[in-house]
Amino acid sequence: MALPNILVTGTPGTGKSELCRRLSEKLGFQWQNVSSIVSENKFVEEYDEEFECPVLDEDRLLDFLEPLMQKGGHCVEYHSSEFFPERWFAAVFVIRCSTSLLYDRLQAREYGERKIKSNMECEIFQIPLDEARDAYRREIIFELTSDTEQDHDANLQRVQDWLDQWKAKHNKL
């Protein structure tokens, strides 16, 4: 039985990797960490000094991911979502967290003040959520909070419940 593909997106530091790690361990999804894929394969066009980050070569990344997505069972993690084809995903999970926690998490990663400020603004103005809403059908978008260990557990259960419903609907029980 093939699993569907899902996208996990949100501001850096909100808990995307934690959810994807759990989805991989507990539900059998293949975790595709886009930042790692980009780094390992040098899918970079240039470096953006203002935002202190590499500029993604989206075409090369999408060409790389296409055969994987056709197989199903992948959990794709990235802080941006609008350039991924909707046809790839059965669900999009947008991870959010409180800004006080996010600030502490970004400081612990030793982000510069400008990068922290930029990411804090993204979370405050819910940029990843709005981006997902603009790119995908509303019925496949789920907003999850990732502040506490209990939230992490609840998020895993929420995805499990969604997957159970998806399997039932697609006669994959």
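**Close-up views of a predicted model**

**View 1. Arg22 and its contacts.** Setting aside neighbours within four places in sequence, Arg22 is in contact (heavy atoms within 4.5 Å) with Leu27, Glu149, His152, Asp153 and Leu156. Arg22 sits in helix H1, residues 16-27; helices here are DSSP runs of H or I with at least four residues, strands are E runs of at least two, and both are numbered from the N terminus. With a relative accessible area of 9%, Arg22 is buried (buried is under 20%, exposed over 50%, partly exposed in between, using a 1.4 Å probe and protein chains only). A word on the model: it is predicted, local features need pLDDT of at least 70, side-chain atom pairs count only at pLDDT 80 or more, and totals for chains, interfaces and linings use all residues. Residues are numbered from 1 along each chain as its sequence is written, and side-chain values use heavy atoms, leaving out hydrogens and water.

**View 2. Where H2 crosses H3.** The axes of H2 (residues 34-41) and H3 (residues 58-71) come within 11 Å and cross at roughly 110 degrees. That makes H2 roughly perpendicular to H3 (65 to 115 degrees; under 35 is roughly parallel, over 145 roughly antiparallel, the rest oblique). Axes are lines fitted to C-alpha atoms, for helices over the stretch in contact, with angles from 0 to 180 degrees between N-to-C directions. From H2, Val34, Ile37, Val38 and Asn41 meet Arg60, Leu61, Phe64 and Leu65 of H3.

**View 3. The two faces of H2.** Val34, Ile37 and Val38 are the buried residues of H2. They cover an arc of only 100 degrees around the axis, so they lie on the same side of H2; the arc is taken from the directions from the helix axis to the C-beta atoms. These buried residues pack against strands S2 (30-33), S3 (44-48), S4 (53-56) and S5 (74-78), plus H3. Turned away from that buried side are the exposed Ser39 and Glu40.

View 4. Lys42 is in the loop between H2 and S3, and its phi is near 55 degrees, a positive value in a residue other than glycine. Most residues other than glycine have a negative phi. Lys42 is exposed, with a relative accessible area of 62%.

**View 5. Glu110 in its loop.** Glu110 is placed between helix H4 (99-108) and helix H5 (113-124), in the loop. Though not a glycine, Glu110 has a positive phi of about 65 degrees. Its relative accessible area is 72%, so Glu110 is exposed.
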